[in-house]
Amino acid sequence: MTSRTLPGQPHIHYKDGQLCVEDCTLEALASEHGTPLFVYSKASMLAALAAYQRGFTGRNAQICYAMKANSSLGVLQVFAQAGCGFDIVSAGELARVLAAGGDAGKVIFSGVGKTRREMREALLAGIGCFNVESEAEIDVLNEVAVSLQLRAPISIRVNPNVDPKTHPYISTGLKGSKFGVAHDRTLATYQHAAALPGLHVVGIDCHIGSQITLESPYLDAVDRMLDLVESIEAAGIPIHHIDFGGGLGINYNGDTPPQADALWTKMLAKLDARGFGQRKLMIEPGRSLVGNAGVCVTEVLFMKPGEQKNFCIVDAAMNDLPRPAMYQAFHDIVPLEQKKRAQPDSASLVCDVVGPVCESGDWIGHDRPLAVAAGDRLAVLSAGAYCMSMSSNYNSRPRAAEVLVDGKQAHLIRERDSLADQMRGERLL
Ligand code: LLP
C-alpha cells in the first residue's frame with residue numbers, strides 16, 4: 001500500500017493510486033453522489049483550528065469562524081461543536097449559526113451595511129458583539145437598541161491603514177477602503193458611542209484583508225491597534241477585548257503563509273511587551289480553517305485540442321468555483337487516479353480547464369499539463385473556502401452537492417439542487 005499527501009493538504013492523499021479524503025476514495029463518492037461534488041475533511045478543519053488553539057494556549061481568546069468562507073450547516077456544526085464562535089455578516093448567517101447549534105452569545109456581527117431588521121434580529125438573539133463600521137451605523141444601532149430597551153454590545157472596526165499585500169479586491173485595511181472607521185476618527189467615534197444609552201462599548205476590531213501570506217501586516221496592525229486602545233482608555237472608555245480579524249492565507253500555489261500558532265506567538269509577544277497579554281482576544285479566521293480542507297470533484301466532459309489552445313472541458317464551472325474568474329485565483333487540479341498525473345515524459349496535453357458556462361471568463365485553470373480523457377475525474381484543490389459559499393445558479397446550473405468526510409464515514413451535508421429548488425419562489429405572469 002502506498003500513500004502520498006498533496007502539499008498543504010495532509011488529509012487529502014493518494015492511497016493505492018486513488019485520491020482520498022481521509023479514508024474515503026473520491027471516485028467512490030463521485031460515483032455515488034455525482035459531480036461536481038465538494039468533499040471536505042473534518043480532520044483537516046479541526047487540525048487548522050488546533051493550530052490557532054495552540055497559539056492561544058493559556059490566553060483568554062475567542063475564535064470566531066468567519067462563516068462567509070463556507071457557511072454550509074454541516075461545516076458550521078463542526079466548528080460549533082469545537083467551541084467556536086462565529087463572525088457573521090447578515091441575518092441569514094445568524095439563522096444558519098442557530099440552525100447548526102451555534103451559541104448566539106459567541107457571535108460577532110461584522111459588515112458595513114447592516115439593516116435595521118438585521119440589527120433587531122441580532123439584538124433579540126443576544127449576540128456577543130456588533131462590529132460597527134461607521135458613525136452613521138452607530139446612531140442607527142443605538143436607535144434600534146433603545147426601541148427594544150436593550151443595549152447593544154459594540155466594537156468599532158478600525159481601519160488601521162496597513163497594506164496586507166494581497167489581491168486588491170480582498171484588501172480591506174487601507175485608507176480609501178469602504179471598511180471601518182478611519183484611524184484618526186477612531187477616538188472621537190468611541191467618545192460618541194460611549195455616550196449613547198443604547199450602546200455598550202466592549203471592544204475594538206480590525207480586519208485588514210484576506211489571503212495574507214506575510215506576518216508583517218499583522219505585526220504592524222498590532223502596534224496601530226494598541227496605540228488606539230491606549231488613547232481610548234486614556235479617555236476613560238474601557239476596551240474589554242481586541243479583535244484582530246481574520247485574513248491568514250493558505251497554500252494554493254506554493255504560497256508560504258505563516259502558521260497560525262507561529263504567527264500568534266509573535267503577536268502575543270508584542271501584546272505582552274506592551275502589557276496587553278491578558279486582554280481578551282478575538283479573531284475571525286475563515287479561509288485558513290476550511291480552504292485546504294476541501295476539494296471539488298469534477299468530470300472531464302470533452303477534450304478539445306485546438307491550434308492555439310487545448311481545452312479540457314469539465315462539468316464544474318464558474319458558478320461552482322468563482323475564484324478564478326473573480327480574482328484570477330489559482331487552484332491546483334489533479335486527477336483522481338494517480339497514474340494519470342502528468343509526468344514530464346508522458347503524453348500529457350497542456351490545457352485550459354474550463355467549464356460549460358457561456359463566458360470566456362469561465363475557466364478553472366490555465367495551461368495545466370493533463371494526461372486525462374473524457375470520463376476521467378479531476379479534483380480541484382483548496383476548494384473549501386469561498387467556493388460553495390459564493391456559488392450561484394448561473395446558466396440555471398444546479399448548485400453542487402457537498403460531502404463531509406470523517407474518517408471512513410462520508411456524510412452528505414447538502415444535496416445537489418433539484419430543478420424545483422432552482423425555480424422555488426418564482427411565478428409566471
Ligand atoms: N472578518 C471580516 C470582517 C471579513 O470581511 C473577512 C473576509 C474575514 C473575517 C475572514 O477572512 P479570511 O480569514 O477568510 O481571509 N471571496 C474572497 C475572500 C473575501 C474575504 C472577505 N472577508 C476570496 O475568495 O478570496
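1. Gln211 is placed in the loop that runs between strand E12 (199-205) and helix H8 (216-234), where helices (H or I, at least four residues) and strands (E, at least two) are DSSP runs numbered from the N terminus. Although Gln211 is not a glycine, its phi is positive, at about 55°. With a relative accessibility of 11%, Gln211 counts as buried; here buried means under 20% relative accessible area, exposed means over 50%, and partly exposed is what falls in between (1.4 Å probe, protein chains only).

2. A word on the basis of these remarks: this is a predicted model, in which local features need pLDDT of at least 70 and side-chain atom pairs count only at pLDDT 80 or more, while totals for chains, interfaces and linings use all residues. Residues are numbered from 1 along each chain as its sequence is written, and side-chain values use heavy atoms, with hydrogens and water left out.

3. On the overall fold, the secondary structure of the protein comes to 12 helices and 22 strands. The radius of gyration is 23 Å, close to the 22 Å that the globule rule gives for 429 residues, so the protein is as compact as a globular protein of that length; the radius is taken over C-alpha atoms, and the rule is 2.2 Å times the number of residues to the power 0.38. Taken along the principal axes, the C-alpha atoms fill a box of roughly 70 × 60 × 45 Å, and 53% of the 429 residues count as buried.

4. Which residues come nearest to the ligand? Of the 19 residues around the ligand, these are Ser210, Glu284, Arg323, Tyr327 and Tyr386, a residue being near if one of its heavy atoms lies within 4 Å. By class, the shell has 6 nonpolar, 7 polar and 6 charged residues, where Ala, Val, Leu, Ile, Met, Phe, Trp, Tyr, Cys and Pro count as nonpolar, Asp, Glu, Lys and Arg as charged, and the others, Gly among them, as polar. Domain 1 (3-41 + 291-423) and domain 2 (110-285) both give residues to this shell, so the ligand lies between them; the domain bounds come from an automatic or database domain assignment.

5. Among the polar contacts to the ligand (pairs of N or O atoms within 3.5 Å), a polar side-chain atom of Tyr386 lies 2.6 Å from a ligand oxygen atom, and one of Tyr327 lies 2.7 Å from a ligand nitrogen atom. For Lys68, a polar side-chain atom lies 3.4 Å from an oxygen atom of the ligand. The protein covers 92% of the 580 Å² of accessible area that the ligand has on its own, the areas coming from the Shrake-Rupley method with a 1.4 Å probe.

6. Tyr386 is found in the loop between strand E20 (377-380) and strand E21 (401-406), and with a relative accessible area of 14% Tyr386 is buried. The loop between E20 and E21 also holds Ser392, which counts as partly exposed at 29% relative accessibility.

7. The peptide bond that joins Thr35 and Pro36 is cis, with omega about -10°, and Pro36 is placed in the loop between helix H1 (26-33) and strand E5 (37-41). Just after H3, Gly83 takes a positive phi of about 90°; within helix H3 (residues 73-81), the buried residues include Gly74, Val75, Leu76, Val78, Phe79 and Ala80.

8. Is Asn251 buried or exposed? At 19% relative accessibility Asn251 counts as buried, and the residue is placed in the loop between strand E13 (241-243) and helix H9 (260-273). By contrast, Asp184, in the loop between strand E11 (181-182) and helix H7 (186-194), counts as exposed at 66% relative accessibility. Val140 belongs to helix H6 (residues 135-147) and is partly exposed, with a relative accessible area of 22%.

Terms used: A polar contact is a pair of N or O atoms within 3.5 Å; within protein, one must be able to donate a hydrogen and the other to accept it, and residues adjacent in sequence count only if both atoms are side-chain atoms.
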